[in-house]
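These are my notebook entries on one structure.

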Amino acid sequence: MSATIRRTRRTAALLLGATLVTLTATACDSTGGPSVSTEAKQTPAATAPAAGAATSAAAKPADSKPAESKPAEAAKAPAKVGDTIALKGTLEKGNTADVTALKVVDPAQSSNEYLHAEDGKHYVAVQFQIKPTGAKAYSEAPWSAAKVVDDQGQAYGPTLAETKAGPSFQTPTNIASGETGKGFVVFEVPNGTKLDKVQFSLDNGFADQVGQWKLG
């Protein structure tokens with residue numbers, strides 16, 4: 001082997017190592033560690049005070065008894081299909097988006113007569129809506145950013161199959177800040193599987209924060 005080839009390989013190895021170290025450091029410093037977000041984003045209508053509340057308080061007699069203390073507010077229900085979760089990326093500032101799990105089609109039929117799920121398995125298609133909310137446009141591969149998880153905790157990654165449920169996301173998908181994009185992500189799971197939740201994250205699936213929607 002010539003000296004030139006050895007130097008080239010050594011340089012490539014050093015560059016790869018430096019890149020991995022940089023990415024690891026960036027991920028660790030940005031969010032403080034992985035987290036699963038299950039809280040749906042509240043709409044203005046849901047958080048606004050009820051009409052007339054101020055007037056009612058002002059009209060309350062001065063000698064009325066103080067209101068009885070109420071028990072602590074019950075824990076919020078986890079996000080479900082149809083809810084929006086505000087997500088944040090890890091590797092680059094300004095990479096934020098509101099992501100909604102719109103629909104789950106189980107089973108989903110292949111749209112290619114020559115391509116089908118393996119024997120004993122079937123396709124599941126999940127439709128997502130993505131709206132970038134930061135300064136950065138969304139330019140990623142959504143199919144690599146999603147998972148489905150069954151009631152036993154087993155996770156299933158995506159497949160590039162197309163189904164009759166609807167159009168899949170393009171790779172990459174480019175969505176300008178403030179605009180929205182929709183598409184399906186397809187999974188291949190064993191027959192009889194009871195899916196329990198669906199997950200999605202930014203940075204092509206490598207962000208520390210993971211959005212999670214409860215199924216059923």
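I began with aspartate 196, which is buried at a relative accessible area of 15%; buried means under 20%, exposed over 50%, and partly exposed in between (1.4 Å probe, protein chains only). The model is predicted, with local features requiring pLDDT of at least 70 and side-chain atom pairs pLDDT 80 or more, while totals for chains, interfaces and linings use all residues. Residues are numbered from 1 along each chain as its sequence is written, and side-chain values use heavy atoms, without hydrogens and water.

I then searched the whole structure for salt bridges (a side-chain nitrogen of Lys or Arg within 4 Å of a carboxyl oxygen of Asp or Glu) and found five. Aspartate 196 pairs with lysine 197, their closest N and O atoms being 2.8 Å apart. Lysine 197 is buried too, at 18%. I noted a salt-bridge network linking Asp196, Lys197 and Lys214.

Lysine 41 bridges to aspartate 98 with closest N and O atoms 2.5 Å apart. Lysine 41 lies in the loop between strand E1 (35–37) and helix H2 (44–47) and aspartate 98 in strand E3, so the pair ties together parts 57 residues apart in sequence. Helices (H or I, at least four residues) and strands (E, at least two) are DSSP runs numbered from the N terminus.

I next traced the open, antiparallel sheet of five strands, ordered E2-E3-E4-E10-E8; strands pair if DSSP finds at least two bridges between them. E2 and E8 (158–159) stand at the edges with a single partner strand each, so one side of each lacks a neighbour in the sheet. I recorded 10 bridges between E4 and E10 (residues 181–190), with glutamine 127 opposite phenylalanine 184.
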